[in-house]
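Hi,

Here's the structure I promised to pass along.

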Amino acid sequence: MSVSDDSRRPALGPDELERPVVAIVGRPNVGKSTLFNRLCGGHHAIVEDEPGVTRDRRYGDADWAGRLFRVIDTGGLDLGAAKATHEEGARLAQGIIDQAMRGVAEAELVLFVGDAREGLTTGDHQAALALRKTGKPILWVANKVDRGADEPFVADMYQLGADEVFGISAQHGRGVGDLCDAIVARLPSAPHIRDTPEEPEDDRARPIRLALVGRPNAGKSSLVNRFAGEERMLVDAEAGTTRDPIDTPVVLAGRRYVLIDTAGIRRRAKVDLAMEKIAVAMAEKAVRRCDVCVLVVDAKEGLAEQDAKIAGLCDEAGRALVICFNKLDLVDLREQEKLRENLARQLQFVPWAKVVFASAKTGKGIQRILDAIQGAYAGYTRRVTTGELNRWFEGIVAKHPPSLYRGHPVKLYFIQQPQARPPTFLLSVNHPEGVHFSYRRYLANQLREAFDLDGTPVRIVCKARVRKPRS
(Lines give C-alpha, C1' and ligand atoms only; values in the text may rest on other atoms or scores of the structure.)
Protein backbone atom coordinates (compact mmCIF):
# COMPACT_ATOMS: atom_id res chain seq x y z
CA MET A 1 0.00 0.00 0.00
CA SER A 2 1.39 3.42 -0.95
CA VAL A 3 0.14 6.38 0.98
CA SER A 4 0.46 10.08 1.54
CA ASP A 5 -0.58 11.58 4.87
CA ASP A 6 -1.73 15.09 5.70
CA SER A 7 1.79 16.10 6.70
CA ARG A 8 2.66 16.13 2.99
CA ARG A 9 -0.60 16.45 1.09
CA PRO A 10 -2.13 19.91 0.55
CA ALA A 11 -5.69 20.82 1.25
CA LEU A 12 -7.94 20.13 -1.67
CA GLY A 13 -8.26 23.00 -4.10
CA PRO A 14 -10.78 23.53 -6.86
CA ASP A 15 -8.51 21.76 -9.37
CA GLU A 16 -7.83 18.70 -7.21
CA LEU A 17 -9.58 15.37 -6.99
CA GLU A 18 -12.28 14.99 -4.38
CA ARG A 19 -11.62 11.89 -2.30
CA PRO A 20 -14.35 9.90 -0.56
CA VAL A 21 -14.02 9.79 3.22
CA VAL A 22 -13.77 6.71 5.44
CA ALA A 23 -14.32 7.16 9.20
CA ILE A 24 -12.80 4.75 11.75
CA VAL A 25 -15.00 4.46 14.84
CA GLY A 26 -15.41 2.21 17.84
CA ARG A 27 -14.97 2.09 21.58
CA PRO A 28 -11.83 3.60 23.16
CA ASN A 29 -8.60 1.62 22.89
CA VAL A 30 -9.71 -0.94 20.30
CA GLY A 31 -6.89 0.00 17.91
CA LYS A 32 -8.48 2.71 15.76
CA SER A 33 -5.34 4.88 15.67
CA THR A 34 -3.17 1.86 14.89
CA LEU A 35 -5.43 1.06 11.94
CA PHE A 36 -5.34 4.73 10.87
CA ASN A 37 -1.53 4.63 10.91
CA ARG A 38 -1.56 1.37 8.95
CA LEU A 39 -3.86 2.82 6.27
CA CYS A 40 -2.05 6.15 6.10
CA GLY A 41 1.45 4.74 6.10
CA GLY A 42 3.14 6.12 9.17
CA HIS A 43 3.04 6.83 12.89
CA HIS A 44 1.04 10.03 12.73
CA ALA A 45 -1.48 9.38 15.49
CA ILE A 46 -0.51 8.79 19.11
CA VAL A 47 -0.94 5.14 20.05
CA GLU A 48 -1.01 4.25 23.76
CA ASP A 49 -2.65 1.60 25.91
CA GLU A 50 -4.81 4.24 27.56
CA PRO A 51 -8.41 4.91 26.58
CA GLY A 52 -9.17 8.38 25.26
CA VAL A 53 -5.81 9.19 23.70
CA THR A 54 -7.43 10.36 20.45
CA ARG A 55 -9.93 13.11 21.19
CA ASP A 56 -10.30 15.11 17.98
CA ARG A 57 -10.82 14.05 14.37
CA ARG A 58 -7.57 13.36 12.54
CA TYR A 59 -7.35 13.19 8.75
CA GLY A 60 -5.00 11.27 6.47
CA ASP A 61 -4.82 10.33 2.80
CA ALA A 62 -4.40 6.75 1.60
CA ASP A 63 -4.49 4.79 -1.63
CA TRP A 64 -5.05 1.14 -2.38
CA ALA A 65 -4.83 -0.56 -5.78
CA GLY A 66 -4.35 2.90 -7.27
CA ARG A 67 -7.57 4.26 -5.75
CA LEU A 68 -7.52 7.32 -3.49
CA PHE A 69 -9.54 7.92 -0.33
CA ARG A 70 -9.38 9.91 2.89
CA VAL A 71 -9.40 8.43 6.37
CA ILE A 72 -10.67 10.00 9.61
CA ASP A 73 -9.42 8.73 12.97
CA THR A 74 -11.97 9.52 15.68
CA GLY A 75 -12.07 9.46 19.44
CA GLY A 76 -13.56 6.52 21.30
CA LEU A 77 -17.32 6.22 20.92
CA ASP A 78 -17.94 5.56 24.61
CA LEU A 79 -21.63 6.39 25.00
CA GLY A 80 -21.73 5.29 28.62
CA ALA A 81 -18.94 7.62 29.75
CA ALA A 82 -20.93 10.81 29.23
CA LYS A 83 -23.43 9.59 31.83
CA ALA A 84 -21.20 7.66 34.21
CA THR A 85 -18.47 10.25 34.99
CA HIS A 86 -18.57 13.45 37.05
CA GLU A 87 -19.87 16.64 35.40
CA GLU A 88 -16.56 17.92 33.98
CA GLY A 89 -15.53 14.47 32.77
CA ALA A 90 -18.97 13.91 31.26
CA ARG A 91 -18.68 17.16 29.30
CA LEU A 92 -15.32 16.13 27.89
CA ALA A 93 -16.59 12.60 27.12
CA GLN A 94 -19.63 14.04 25.33
CA GLY A 95 -17.33 16.35 23.34
CA ILE A 96 -15.30 13.36 22.17
CA ILE A 97 -18.49 11.55 21.14
CA ASP A 98 -19.72 14.64 19.26
CA GLN A 99 -16.39 14.88 17.39
CA ALA A 100 -16.59 11.19 16.44
CA MET A 101 -20.15 11.56 15.14
CA ARG A 102 -19.13 14.63 13.12
CA GLY A 103 -16.56 12.40 11.46
CA VAL A 104 -19.25 9.81 10.73
CA ALA A 105 -21.44 12.53 9.20
CA GLU A 106 -18.62 13.49 6.81
CA ALA A 107 -17.90 9.91 5.76
CA GLU A 108 -19.23 7.86 2.88
CA LEU A 109 -18.15 4.66 4.61
CA VAL A 110 -17.66 3.74 8.28
CA LEU A 111 -15.23 1.16 9.69
CA PHE A 112 -16.56 -0.11 13.01
CA VAL A 113 -13.62 -1.55 14.98
CA GLY A 114 -13.92 -3.98 17.89
CA ASP A 115 -11.26 -5.57 20.11
CA ALA A 116 -11.08 -9.33 19.52
CA ARG A 117 -9.04 -9.90 22.68
CA GLU A 118 -11.50 -8.13 24.95
CA GLY A 119 -14.61 -9.56 23.33
CA LEU A 120 -17.99 -8.04 22.64
CA THR A 121 -19.12 -5.50 25.28
CA THR A 122 -22.16 -3.43 26.08
CA GLY A 123 -20.23 -0.45 24.71
CA ASP A 124 -19.88 -2.20 21.35
CA HIS A 125 -23.64 -2.78 21.21
CA GLN A 126 -24.34 0.87 22.10
CA ALA A 127 -21.87 2.20 19.54
CA ALA A 128 -23.11 -0.13 16.80
CA LEU A 129 -26.72 0.92 17.44
CA ALA A 130 -25.78 4.61 17.19
CA LEU A 131 -23.95 3.99 13.91
CA ARG A 132 -26.77 1.99 12.34
CA LYS A 133 -29.15 4.88 13.07
CA THR A 134 -27.03 7.15 10.84
CA GLY A 135 -27.80 5.00 7.79
CA LYS A 136 -24.13 5.04 6.72
CA PRO A 137 -22.69 1.87 5.13
CA ILE A 138 -20.52 0.03 7.66
CA LEU A 139 -17.63 -2.41 7.39
CA TRP A 140 -17.28 -4.46 10.56
CA VAL A 141 -13.68 -4.99 11.72
CA ALA A 142 -12.44 -7.30 14.48
CA ASN A 143 -8.99 -5.98 15.39
CA LYS A 144 -6.17 -7.71 17.31
CA VAL A 145 -7.00 -11.11 15.80
CA ASP A 146 -4.02 -13.37 16.51
CA ARG A 147 -3.75 -16.12 13.88
CA GLY A 148 -7.22 -17.60 14.42
CA ALA A 149 -7.07 -17.63 18.23
CA ASP A 150 -9.70 -14.90 18.39
CA GLU A 151 -12.08 -16.26 15.78
CA PRO A 152 -14.92 -16.64 18.33
CA PHE A 153 -15.08 -12.85 18.63
CA VAL A 154 -15.25 -12.51 14.86
CA ALA A 155 -18.35 -14.70 15.00
CA ASP A 156 -19.76 -12.68 17.92
CA MET A 157 -19.61 -9.46 15.89
CA TYR A 158 -22.43 -10.75 13.72
CA GLN A 159 -24.66 -10.06 16.74
CA LEU A 160 -24.17 -6.36 15.99
CA GLY A 161 -25.94 -6.74 12.66
CA ALA A 162 -22.88 -7.33 10.51
CA ASP A 163 -23.24 -9.04 7.16
CA GLU A 164 -19.46 -9.66 6.94
CA VAL A 165 -16.68 -9.31 9.53
CA PHE A 166 -13.02 -8.66 8.70
CA GLY A 167 -10.61 -10.17 11.22
CA ILE A 168 -7.35 -8.18 11.18
CA SER A 169 -4.28 -7.20 13.14
CA ALA A 170 -3.72 -3.50 12.48
CA GLN A 171 -0.42 -3.66 14.36
CA HIS A 172 1.05 -6.44 12.21
CA GLY A 173 -0.91 -5.84 9.01
CA ARG A 174 -2.64 -9.24 8.87
CA GLY A 175 -5.93 -9.10 6.99
CA VAL A 176 -5.61 -5.37 6.22
CA GLY A 177 -5.26 -6.05 2.49
CA ASP A 178 -8.65 -7.79 2.34
CA LEU A 179 -10.16 -4.91 4.31
CA CYS A 180 -8.72 -2.38 1.85
CA ASP A 181 -10.12 -4.37 -1.08
CA ALA A 182 -13.54 -4.09 0.54
CA ILE A 183 -13.09 -0.36 1.18
CA VAL A 184 -12.34 0.56 -2.44
CA ALA A 185 -15.07 -1.83 -3.70
CA ARG A 186 -17.60 0.21 -1.69
CA LEU A 187 -16.22 3.57 -2.86
CA PRO A 188 -17.01 3.76 -6.59
CA SER A 189 -16.36 7.52 -6.48
CA ALA A 190 -12.74 7.03 -5.35
CA PRO A 191 -10.49 8.63 -8.01
CA HIS A 192 -7.50 6.87 -9.53
CA ILE A 193 -4.01 7.96 -8.53
CA ARG A 194 -3.04 8.50 -12.18
CA ASP A 195 -5.58 11.31 -12.35
CA THR A 196 -4.01 13.28 -9.49
CA PRO A 197 -2.87 16.76 -10.61
CA GLU A 198 0.80 17.57 -10.13
CA GLU A 199 1.80 19.74 -7.19
CA PRO A 200 1.77 23.41 -8.30
CA GLU A 201 5.19 25.03 -8.54
CA ASP A 202 3.91 28.52 -7.71
CA ASP A 203 4.07 29.14 -3.95
CA ARG A 204 0.87 31.20 -4.20
CA ALA A 205 -0.98 28.10 -5.42
CA ARG A 206 0.20 25.90 -2.55
CA PRO A 207 -1.66 25.80 0.76
CA ILE A 208 0.06 27.58 3.63
CA ARG A 209 0.81 25.06 6.38
CA LEU A 210 0.27 26.60 9.82
CA ALA A 211 1.34 25.06 13.11
CA LEU A 212 -0.49 26.59 16.04
CA VAL A 213 1.85 26.19 18.99
CA GLY A 214 2.00 27.45 22.54
CA ARG A 215 1.50 26.53 26.14
CA PRO A 216 -1.55 24.49 27.19
CA ASN A 217 -4.91 26.25 27.23
CA ALA A 218 -3.73 29.34 25.31
CA GLY A 219 -6.61 28.99 22.85
CA LYS A 220 -5.00 27.17 19.92
CA SER A 221 -7.95 24.86 19.28
CA SER A 222 -10.38 27.76 19.58
CA LEU A 223 -8.46 29.55 16.83
CA VAL A 224 -8.65 26.46 14.61
CA ASN A 225 -12.40 26.30 15.17
CA ARG A 226 -12.72 30.01 14.37
CA PHE A 227 -10.77 29.58 11.13
CA ALA A 228 -12.62 26.39 10.18
CA GLY A 229 -16.02 27.88 10.93
CA GLU A 230 -17.07 24.84 12.95
CA GLU A 231 -16.17 22.98 16.12
CA ARG A 232 -13.48 20.90 14.45
CA MET A 233 -11.30 20.75 17.57
CA LEU A 234 -12.47 19.70 21.01
CA VAL A 235 -12.22 22.75 23.29
CA ASP A 236 -12.35 22.41 27.06
CA ALA A 237 -11.19 24.42 30.06
CA GLU A 238 -8.98 21.50 31.05
CA ALA A 239 -5.42 22.15 29.91
CA GLY A 240 -4.02 19.56 27.54
CA THR A 241 -7.27 18.62 25.78
CA THR A 242 -5.45 18.34 22.46
CA ARG A 243 -2.91 15.50 22.40
CA ASP A 244 -2.47 14.58 18.75
CA PRO A 245 -1.44 17.13 16.08
CA ILE A 246 -4.50 17.49 13.85
CA ASP A 247 -4.38 18.70 10.23
CA THR A 248 -7.41 20.73 9.14
CA PRO A 249 -7.61 21.90 5.50
CA VAL A 250 -9.55 25.15 5.04
CA VAL A 251 -10.06 27.82 2.39
CA LEU A 252 -10.22 31.41 3.67
CA ALA A 253 -10.83 34.35 1.31
CA GLY A 254 -9.84 32.16 -1.63
CA ARG A 255 -6.51 31.08 -0.09
CA ARG A 256 -5.85 27.48 0.97
CA TYR A 257 -4.43 26.63 4.39
CA VAL A 258 -3.70 23.49 6.37
CA LEU A 259 -4.08 24.22 10.09
CA ILE A 260 -2.00 22.01 12.39
CA ASP A 261 -3.35 22.18 15.94
CA THR A 262 -0.86 20.79 18.45
CA ALA A 263 -0.70 19.77 22.06
CA GLY A 264 0.35 22.52 24.46
CA ILE A 265 4.12 22.44 24.88
CA ARG A 266 5.03 22.27 28.55
CA ARG A 267 8.43 22.38 30.20
CA ARG A 268 9.94 18.91 29.86
CA ALA A 269 10.46 18.73 33.62
CA LYS A 270 6.67 19.00 34.01
CA VAL A 271 5.88 16.32 31.44
CA ASP A 272 5.60 13.09 33.39
CA LEU A 273 3.17 10.88 31.51
CA ALA A 274 4.62 8.93 28.61
CA MET A 275 1.63 9.90 26.49
CA GLU A 276 2.18 13.62 27.14
CA LYS A 277 5.85 13.26 26.28
CA ILE A 278 4.83 11.76 22.94
CA ALA A 279 2.32 14.58 22.40
CA VAL A 280 4.96 17.23 23.06
CA ALA A 281 7.42 15.49 20.74
CA MET A 282 4.78 15.39 18.01
CA ALA A 283 4.04 19.10 18.53
CA GLU A 284 7.73 19.83 18.04
CA LYS A 285 7.68 17.68 14.91
CA ALA A 286 4.66 19.63 13.64
CA VAL A 287 6.74 22.81 13.81
CA ARG A 288 9.30 21.25 11.49
CA ARG A 289 6.72 20.33 8.85
CA CYS A 290 4.91 23.67 8.67
CA ASP A 291 5.59 26.92 6.82
CA VAL A 292 4.39 29.40 9.42
CA CYS A 293 4.26 28.94 13.19
CA VAL A 294 1.58 30.85 15.05
CA LEU A 295 2.71 31.12 18.66
CA VAL A 296 -0.54 31.54 20.61
CA VAL A 297 -0.11 33.35 23.94
CA ASP A 298 -2.84 33.83 26.53
CA ALA A 299 -2.94 37.64 26.71
CA LYS A 300 -4.38 37.54 30.23
CA GLU A 301 -1.62 35.25 31.50
CA GLY A 302 1.14 37.08 29.61
CA LEU A 303 4.45 35.78 28.33
CA ALA A 304 6.32 33.06 30.18
CA GLU A 305 9.72 31.42 29.89
CA GLN A 306 8.17 28.54 27.98
CA ASP A 307 6.83 30.91 25.31
CA ALA A 308 10.40 32.08 24.69
CA LYS A 309 11.53 28.46 24.38
CA ILE A 310 8.77 27.71 21.86
CA ALA A 311 9.71 30.83 19.84
CA GLY A 312 13.30 29.61 19.89
CA LEU A 313 12.16 26.21 18.61
CA CYS A 314 10.40 27.92 15.67
CA ASP A 315 13.48 30.03 14.94
CA GLU A 316 15.77 26.99 15.11
CA ALA A 317 13.53 25.14 12.67
CA GLY A 318 13.76 28.12 10.30
CA ARG A 319 10.03 28.75 10.19
CA ALA A 320 8.16 32.01 9.71
CA LEU A 321 6.66 33.20 12.98
CA VAL A 322 3.52 35.08 13.98
CA ILE A 323 3.01 35.81 17.67
CA CYS A 324 -0.70 35.98 18.47
CA PHE A 325 -1.83 37.34 21.82
CA ASN A 326 -5.19 35.60 22.16
CA LYS A 327 -8.09 36.47 24.47
CA LEU A 328 -7.97 40.15 23.53
CA ASP A 329 -11.44 40.50 25.04
CA LEU A 330 -9.92 40.00 28.50
CA VAL A 331 -7.23 42.76 28.39
CA ASP A 332 -7.42 46.55 28.11
CA LEU A 333 -5.13 48.94 26.17
CA ARG A 334 -2.77 49.45 29.10
CA GLU A 335 -2.29 45.70 29.48
CA GLN A 336 -1.69 45.37 25.73
CA GLU A 337 1.08 47.97 25.90
CA LYS A 338 2.64 46.09 28.82
CA LEU A 339 2.57 42.89 26.75
CA ARG A 340 4.43 44.65 23.92
CA GLU A 341 7.08 45.87 26.35
CA ASN A 342 7.55 42.37 27.76
CA LEU A 343 7.68 40.96 24.25
CA ALA A 344 10.55 43.27 23.27
CA ARG A 345 12.45 42.16 26.37
CA GLN A 346 11.70 38.43 26.56
CA LEU A 347 11.65 37.58 22.84
CA GLN A 348 14.34 39.98 21.65
CA PHE A 349 15.97 37.17 19.65
CA VAL A 350 13.02 37.12 17.20
CA PRO A 351 12.41 40.85 16.63
CA TRP A 352 11.39 40.01 13.07
CA ALA A 353 8.29 38.05 14.14
CA LYS A 354 4.92 39.57 13.28
CA VAL A 355 2.74 40.39 16.29
CA VAL A 356 -1.06 40.54 16.43
CA PHE A 357 -3.75 40.78 19.11
CA ALA A 358 -6.97 38.84 18.62
CA SER A 359 -9.81 36.98 20.29
CA ALA A 360 -10.76 33.53 19.06
CA LYS A 361 -13.87 33.75 21.22
CA THR A 362 -15.28 36.96 19.70
CA GLY A 363 -13.57 36.81 16.29
CA LYS A 364 -11.96 40.22 16.73
CA GLY A 365 -8.58 40.47 15.01
CA ILE A 366 -8.93 37.22 13.06
CA GLN A 367 -8.36 39.03 9.76
CA ARG A 368 -5.22 40.62 11.23
CA ILE A 369 -3.90 37.12 11.97
CA LEU A 370 -4.51 36.03 8.38
CA ASP A 371 -2.84 39.18 7.03
CA ALA A 372 0.19 38.58 9.26
CA ILE A 373 0.37 34.93 8.19
CA GLN A 374 0.24 35.81 4.51
CA GLY A 375 2.89 38.50 4.97
CA ALA A 376 5.17 36.15 6.88
CA TYR A 377 4.67 33.41 4.28
CA ALA A 378 5.45 35.84 1.45
CA GLY A 379 8.77 36.67 3.12
CA TYR A 380 9.44 33.02 3.92
CA THR A 381 9.09 32.01 0.26
CA ARG A 382 10.62 35.16 -1.28
CA ARG A 383 13.39 34.76 -3.88
CA VAL A 384 15.61 37.67 -4.90
CA THR A 385 17.56 37.62 -8.14
CA THR A 386 21.36 37.61 -7.99
CA GLY A 387 21.46 40.88 -9.91
CA GLU A 388 19.19 42.65 -7.41
CA LEU A 389 21.15 41.22 -4.51
CA ASN A 390 24.55 42.33 -5.72
CA ARG A 391 23.41 45.85 -6.61
CA TRP A 392 22.10 46.12 -3.06
CA PHE A 393 25.22 44.40 -1.69
CA GLU A 394 27.66 46.89 -3.18
CA GLY A 395 25.99 49.80 -1.44
CA ILE A 396 25.73 48.01 1.91
CA VAL A 397 29.37 46.91 1.97
CA ALA A 398 30.58 50.39 0.95
CA LYS A 399 28.47 51.94 3.70
CA HIS A 400 29.44 49.46 6.44
CA PRO A 401 32.32 47.09 5.65
CA PRO A 402 33.12 44.22 8.04
CA SER A 403 35.78 44.54 10.75
CA LEU A 404 39.35 43.33 10.31
CA TYR A 405 40.10 39.69 11.02
CA ARG A 406 43.44 39.07 12.71
CA GLY A 407 44.68 42.31 11.26
CA HIS A 408 43.57 41.47 7.71
CA PRO A 409 40.62 42.95 5.80
CA VAL A 410 37.63 40.72 5.23
CA LYS A 411 36.68 40.93 1.56
CA LEU A 412 33.10 40.24 0.52
CA TYR A 413 32.99 39.30 -3.16
CA PHE A 414 29.35 38.58 -3.98
CA ILE A 415 26.05 37.30 -2.58
CA GLN A 416 23.42 34.93 -3.92
CA GLN A 417 20.27 33.21 -2.65
CA PRO A 418 20.49 29.44 -3.12
CA GLN A 419 17.14 28.73 -1.43
CA ALA A 420 14.00 30.12 0.15
CA ARG A 421 11.81 28.66 2.94
CA PRO A 422 13.51 30.34 4.83
CA PRO A 423 15.45 32.83 2.70
CA THR A 424 19.07 31.70 2.80
CA PHE A 425 21.91 33.81 1.41
CA LEU A 426 25.40 32.68 0.51
CA LEU A 427 28.30 35.12 0.91
CA SER A 428 31.54 34.55 -0.96
CA VAL A 429 34.38 35.87 1.24
CA ASN A 430 38.11 35.44 1.72
CA HIS A 431 37.84 34.63 5.46
CA PRO A 432 34.44 33.04 6.34
CA GLU A 433 35.41 32.76 10.00
CA GLY A 434 36.15 36.48 10.03
CA VAL A 435 32.52 37.49 9.41
CA HIS A 436 31.35 38.16 12.96
CA PHE A 437 27.83 37.07 13.97
CA SER A 438 26.95 40.73 14.65
CA TYR A 439 27.81 41.60 11.05
CA ARG A 440 25.71 38.69 9.80
CA ARG A 441 22.84 39.98 11.91
CA TYR A 442 23.37 43.44 10.40
CA LEU A 443 23.22 42.00 6.88
CA ALA A 444 20.12 39.97 7.75
CA ASN A 445 18.35 43.10 9.06
CA GLN A 446 19.31 45.06 5.95
CA LEU A 447 18.11 42.23 3.70
CA ARG A 448 14.84 42.08 5.59
CA GLU A 449 14.28 45.82 5.17
CA ALA A 450 15.34 45.96 1.51
CA PHE A 451 13.40 42.93 0.27
CA ASP A 452 10.39 42.82 2.60
CA LEU A 453 11.38 39.73 4.56
CA ASP A 454 9.45 40.51 7.75
CA GLY A 455 8.06 37.58 9.70
CA THR A 456 10.72 35.08 8.60
CA PRO A 457 14.19 34.15 9.79
CA VAL A 458 16.98 35.03 7.38
CA ARG A 459 19.99 32.73 7.14
CA ILE A 460 23.47 34.03 6.19
CA VAL A 461 26.04 31.41 5.19
CA CYS A 462 29.64 32.40 4.50
CA LYS A 463 31.79 30.38 2.12
CA ALA A 464 35.43 30.80 1.14
CA ARG A 465 35.94 31.97 -2.41
CA VAL A 466 37.33 29.18 -4.56
CA ARG A 467 40.10 30.42 -6.80
CA LYS A 468 40.39 28.75 -10.16
CA PRO A 469 43.88 27.34 -10.80
CA ARG A 470 45.91 29.27 -13.32
CA SER A 471 46.40 27.49 -16.61
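Predicted model: local features only at pLDDT ≥ 70, side-chain atom pairs only at ≥ 80, totals over all residues.

The chain has 13 helices and 16 strands, and 55% of its 471 residues are buried. Among contacts with a separation of 6 or more, 72% are between residues 24 or more positions apart. The accessible surface comes to about 21500 Å², with 48% of that belonging to carbon and sulfur atoms.

On to the charged pairs: there are 13 salt bridges. One of them joins Asp 291 and Arg 421, with the closest N and O atoms 2.9 Å apart. Both residues sit in loops, Asp 291 between helix H8 and strand S11 and Arg 421 between strands S14 and S15, so the pair ties together parts 130 residues apart in sequence. Asp 291 is buried at 6% relative accessibility, while Arg 421 is partly exposed at 29%.

Asp 315 also pairs with Arg 459, at 3.7 Å between the closest N and O atoms. That one links helix H9 to strand S16, 144 residues apart. Glu 305 and Lys 309 form a salt bridge too, at 3.6 Å, but here both partners lie in helix H9, about one turn apart. There's also a network of salt bridges linking Arg 19, Asp 61 and Arg 70.

Last, Ser 169, in the loop between strand S7 and helix H6. Ser 169 is buried, with a relative accessible area of 5%, and its side chain reaches the backbone nitrogen of His 172 at 3.3 Å. Its contacts beyond four places in sequence include Asn 143, Lys 144 and Val 145.

Cheers

Technical notes: Residues numbered from 1 in each chain as written. Heavy atoms only, no water. Helix = DSSP H or I, 4+ residues; strand = E, 2+ residues; numbered from the N terminus. Buried < 20%, exposed > 50% of the residue type's maximum accessible area, 1.4 Å probe, protein only. Polar contact = N/O pair within 3.5 Å; in protein donor to acceptor, adjacent residues only side chain to side chain. Contact = heavy atoms within 4.5 Å. Areas by Shrake-Rupley, 256 points an atom, 1.4 Å probe, with all protein chains shown as cover. Salt bridge = Lys/Arg side-chain N within 4 Å of Asp/Glu carboxyl O.
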